[in-house]
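Let's walk through this structure together, one feature at a time.

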Amino acid sequence: MLLPLIYLVIRAFGASPDMLSNVVFRERNLRLLGNTLLLAAAVLVVDTLIALPMAYLSVRCKIVGRRAITILGVLPLAIPGYVMAYAFMGLGGFNGSLNEWFGIALPRISGFWGSLLVLSLCTFPYLYLNLRTALLGMDQSIEEASRSLGHDAKSTFTKVVLPQLRPAYLAGGLLVSLHVFGDFGTVSLMRFETFSYALYLQYISAYDRIYAAWLALMLLGLTTAALVLEYRLLKKAIFHRLGRGAARAKTYLELGPWKPVAYIFVTVLFIVAIVLPVSSITFWVNQTAFVNVAGDLWESFGNSVKASAPAAVLTTLLALPLAYIGVRYKTKLSNPIERVAYLGYATPPLAFALAFVFFSLYVSTALYQSLLLLIIVYSLHFLAEAIGPLRSALYQAPPQLEEAAQSMGYSSTKSFFKVTLPLLRGGIIAASSLVFLSAMKELSITFLLSPIGFNTLALSAWSYTGEAMFDKAAPFALTILLFSALFVGFLFTKEWKKT
């Protein structure tokens, strides 16, 4: 995990002092920094305006369809950013779906506002899920105490509820910020220059390795700053109950005259986030001559599976011992070892992939642009996603069963394989499925590291959209959407059973 990043630093500092000064302190870098921070801040504001009301409606308010609101908060996860960008770009223009349906020829969205719209719709579920979980676990007796002291509902919400949501908000906000910092597909299609887009342009045009390495390090600096800020804001904060007493039963607030406003808000969000993108993709699918793209579609699908399936298996094999050490052998060393896995996930994908480009060129040229390297980098990047389900499964597997097996003469290794491993089947399936679906729709890493001529669903959808060939991009975008919906459907069934 660390070696490629070390090579990235070596490459960045492999310039003369004069060249280094020119590369680091050029005016363009300040503009890129401003654009990246502005986009991240704007997306976070819009996500807050969407996710906070939705979370409160679905958890605390007496309203018909709370379960449907919860599902709406998860559904946009099924649409990757570059697919959402494709869908909204396909709505505008003289040949766009809106003009065909209603005779409205709107200009195609692009630039900052296009990036803001697409990224906000794609990332608000990260914030929504964190806020919803926090609201579900919050003790309502604290709010009742506030009202008994004379505070009205508005004052109680701002002075009692919002402060308790700070950990969830910072966690969700961190995910949103990291996603925006590392996004490449959306900003490249919208032609809005951020660090990721500049890194992409540098790679495909001039291929100035030193400047590209510095752009990657600057991108890493932004993500590191976000991680440090989140840690410092939560340091020594206490949000759990300190006093005795049972938590009160949940009560739901009456919306009164605000109920129609709530329904309008949810309906508009559903139309914008789900109906319009899916309708746009469906429209362009109907414009496609499948005979012309069927061969490319099957080839791209096969390539996606060829890279994603081995990556899912390898990632699960790598994550299992890390999760086991973190759960069963808690020491001062085990926690840092497990946390290293999150380094690849927190690193922006384009910067992470570029580090492996430098690493393969200078250590093993045979790995450069090989399928094996792509699978390895997929595994390292998505390792953190696989650890979560495995850790949860390990916490539910009693360690006493292993101890009993060892007392009967089995070695620790045999005890694990005969007793514990069968209990982890659900976690293993969940981890490998999650990684498989994430790798199927990954764009940045695939773009930099895939072998020449190795087109995946993500690459095909993105490249056709970049050339404004919306009809040819449609089948690839629809296939990605259906596969992504499998994971969201899994969440849907889980949520349906809970509620």
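Arg 28 and Glu 193 form a salt bridge, with their closest N and O atoms 3.2 Å apart (a salt bridge being a side-chain nitrogen of Lys or Arg within 4 Å of a carboxyl oxygen of Asp or Glu). Arg 28 belongs to helix H3 while Glu 193 sits in the loop between helix H11 (185-190) and helix H12 (195-204), so this pair ties together parts that are 165 residues apart in sequence. Helices here are DSSP runs of H or I with at least four residues, numbered from the N terminus.

Glu 193 also forms a salt bridge with Arg 31, where the closest N and O atoms are 3.7 Å apart. This pair, too, links distant parts of the chain: Arg 31 is in helix H3, and 162 residues separate it from Glu 193 in the loop between H11 and H12. Through shared partners, Arg 28, Arg 31 and Glu 193 are joined into one network. How many salt bridges does a search of the whole structure find? It finds two. As for cover, Glu 193 is partly exposed because its relative accessible area is 22%, and Arg 31 is partly exposed with 42%. (Buried means under 20% relative accessible area, exposed over 50%, and partly exposed in between, with a 1.4 Å probe and protein chains only.)

Before going further, a word on the model itself. It is predicted, so local features need a pLDDT of at least 70 and side-chain atom pairs count only at pLDDT 80 or more, while totals for chains, interfaces and linings use all residues. Residues are numbered from 1 along each chain as its sequence is written, and side-chain values use heavy atoms, leaving out hydrogens and water. The chain averages a pLDDT (the predictor's confidence in each residue, from 0 to 100) of 81, and 89% of the residues score at least 70. Helix H18 (residues 371-381) has the highest confidence, at 93, and helix H8 (residues 141-148) the lowest, at a mean of 67. Over residues 238-246 pLDDT stays under 50, and the model has nine contacts there beyond four places in sequence, a contact meaning heavy atoms within 4.5 Å. Where pLDDT is low, the predicted coordinates should not be read in detail.

Now let's look inside. The largest nonpolar core has 153 residues, of which Leu 8, Leu 39, Leu 354 and Leu 449 touch the most other members. Helix H3 (residues 27-60) gives this core its largest share, 14 residues. (Such a core is a set of buried Ala, Val, Leu, Ile, Met, Phe, Trp, Tyr and Cys residues joined through side-chain atoms within 4.5 Å.) Beyond four places in sequence, the residues touched by Leu 39 include Phe 112, Leu 116, Val 180 and Phe 192.

Is Phe 124 buried or exposed? Phe 124, found in helix H7 (residues 111-137), counts as buried because its relative accessibility is 0%.

Helix H24 (residues 457-466) is mostly covered, with eight of its 10 residues buried; Trp 462 and Tyr 464 are among them. After H24 comes Ala 468, with a positive phi near 60°.

Methods. Helices (H or I, at least four residues) and strands (E, at least two) are DSSP runs, numbered from the N terminus.
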